[in-house]
Amino acid sequence: MPDPPTQSISVEDTFQEDVLLRETEPMIRRLAEKLWSASRQETRIARTVVLKLKTSEFKILTRSHTGSSAPFSCDELTEIALKLRERVTVDPDQRYRLVGVGLSNFREAQQIGPQPPIFE
């Protein structure tokens, strides 16, 4: 296939110094904006939002949310990513070296239903 359909897109960044989970919000917001911009280039839409964190010990943690429809704005994408961060339950002193935000589970627009409440 010359141009296979996109399976997922993501953006991530490594911190200069490892940070606590509560200090990741500014980076998650910036990454969500980059991801939203990149996702606008796709003809299909993604239903799953993924948050990726890498600890200072290089352990990777992911949290995801699949709605019946795609995030309809950058603000909603950011809100979902930040809510996923709240679902990370580890030692509050755990430090992280990397954070990423991604989209997956792409579908054709007509396959997606109306927008439900987030995290019912």
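**Reading the salt bridges**

Author: Let us begin with R85, which is buried, with a relative accessible area of 15% (buried means under 20%, exposed over 50%, and partly exposed in between, using a 1.4 Å probe and protein chains only). This is a predicted model, in which local features need pLDDT of at least 70 and side-chain atom pairs count only at pLDDT 80 or more, while totals for chains, interfaces and linings use all residues. Residues are numbered from 1 along each chain as its sequence is written, and side-chain values use heavy atoms, with hydrogens and water left out.

Reader: What is a salt bridge, and how many salt bridges does the count come to?

Author: Side chains of opposite charge can pair when their charged atoms come close. Here a salt bridge is a side-chain nitrogen of Lys or Arg within 4 Å of a carboxyl oxygen of Asp or Glu, and the count comes to 4 salt bridges.

Reader: Which residue forms a salt bridge with R85?

Author: The partner of R85 is E25, with the closest N and O atoms 3.8 Å apart. R85 lies in helix α2 (residues 74–86) and E25 in helix α1, so the pair ties together parts that are 60 residues apart in sequence; helices (H or I, at least four residues) and strands (E, at least two) are DSSP runs, numbered from the N terminus.

Reader: Is R29 buried or partly exposed?

Author: R29 counts as partly exposed, at 39% relative accessibility.
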